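Visitor: I have a structure open and some questions about it. Can we go through it piece by piece?
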Amino acid sequence: MKKSEEVPLLIAQAGPLNGQRWPVFSSLVIGRDIACEIVIPDRQVSRRHARIITTKDGILLEDLGSKNGTHLNGVRVNEPLQLNDGDSVQVALAQIFTYLSSDATLPLEGDEFLSKVDEAGLLRLEKRSRRVWIGKDEVLPPLSVSQYKVLELLYDNPGRVVTRQQLIEAIWGEDQIISASEQALDALIRRLRDRLASIDPTHAYIATVRGHGLRLATPLE
């Protein structure tokens, strides 16, 4: 496809359709019924579960009255919502998609991409699609939105300590700093460490600097 023909793209990242891609030209119905444009063979998914539709106001995500719900960036969809570049769409607990506004700058794939991973170091983030690799292994299923925010903040501050307050603000926003508990942050970081350890149990990528905060630790240190 030429750049002049750029179209939005939906990428399946975790679930039975992992790795498949669909251009969004007009409308895509997602469901268990074989008549849908995107068929998810899982009983958690309604026959006609959700729809992505092109309108004059943008690309919208709509739940079609499904039993187990559709989520956009972790929030249940109760009315049509506009999709933005990098958004995460979850259908029931069966399938996660990432929405890209166009395919002009998709992540590299295959041997070319893996060589780039090796050159950049063991841990690598692809921010548009919120994908994470350790070496040549992708972290699957994808990290939750909150887990990814923590890792991205640490990744963007190599060698620096990120305070707990900065982490809470990045995850829950300035308005929620007071109500967000230290226990919630600790639980989130523990789950993130477990996810990274499931790929590489030989190294702790998130180091605690007592009295200060957290930093990203690379195996080369």
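Visitor: Which residue is the bridge partner of isoleucine 30 in β5?
Guide: Alanine 50 is the bridge partner of isoleucine 30 in β5. The strands involved are β3 (residues 27–31) and β5 (residues 50–55), which pair in the antiparallel sense over 4 bridges. Two strands pair if DSSP finds at least two bridges between them. Strands (E, at least two residues) and helices (H or I, at least four) are DSSP runs, numbered from the N terminus.

Visitor: What kind of model is this?
Guide: This is a predicted model: local features need pLDDT of at least 70, side-chain atom pairs count only at pLDDT 80 or more, and totals for chains, interfaces and linings use all residues. Residues are numbered from 1 along each chain as its sequence is written, and side-chain values use heavy atoms, with hydrogens and water left out.

Visitor: Back to the strands. In what order do the 5 strands of the open sheet run?
Guide: The order is β4-β3-β5-β6-β9, with mixed pairing. β4 (38–39) and β9 (81–82) are the edges; each has a single partner strand, so one side of each lacks a neighbour in the sheet.

Visitor: Where is histidine 49?
Guide: Histidine 49 lies in the loop between β4 and β5.

Visitor: Buried or exposed?
Guide: Histidine 49 counts as buried because its relative accessibility is 0%. Buried means under 20% relative accessible area, exposed over 50%, and partly exposed in between (1.4 Å probe, protein chains only).

Visitor: What is histidine 49 in contact with, leaving aside neighbours within four places in sequence?
Guide: Its contacts include Ile30, Asp63, Ser66, Asn68, Thr70, Val91 and Ala92. Contact means heavy atoms within 4.5 Å.

Visitor: And cysteine 36, where is that?
Guide: Cysteine 36 is in the loop between β3 and β4. It counts as buried, at 9% relative accessibility. Leaving aside neighbours within four places in sequence, cysteine 36 is in contact with Val29, Ile30, Gly31, Arg47 and Arg48.

Visitor: How many Å separate the C-alpha atoms of cysteine 36 and histidine 49?
Guide: The separation is 9.4 Å, with the two residues 13 apart along the chain.

Visitor: Thr70 and Val91 came up. What is the bridge partner of threonine 70 in β10?
Guide: Valine 91 is the partner of threonine 70. β7 (residues 70–72) and β10 (residues 88–91) pair in the antiparallel sense over 3 bridges.

Visitor: What about β10 and β11?
Guide: β10 and β11 (residues 95–100) pair in the antiparallel sense over 4 bridges. Valine 89 stands opposite phenylalanine 97 in β11. The two strands form a hairpin with 3 residues between them, and alanine 92 in the turn has a positive phi of about 50 degrees.

Visitor: Helices next. How do α2 and α3 pack?
Guide: α2 (residues 145–155) and α3 (residues 164–172) pack at about 135 degrees, with axes 9 Å apart. That makes α2 oblique to α3. Among the residues making the contact are Val150 and Leu153 of α2, and Leu167 and Ile171 of α3. Axes are lines fitted to C-alpha atoms, for helices over the stretch in contact, and angles run from 0 to 180 degrees between N-to-C directions. Under 35 degrees counts as roughly parallel, over 145 as roughly antiparallel, 65 to 115 as roughly perpendicular, and the rest as oblique.

Visitor: And α3 with α4?
Guide: The axes of α3 and α4 (residues 182–197) come within 11 Å and cross at roughly 80 degrees. The two helices are therefore roughly perpendicular to each other.
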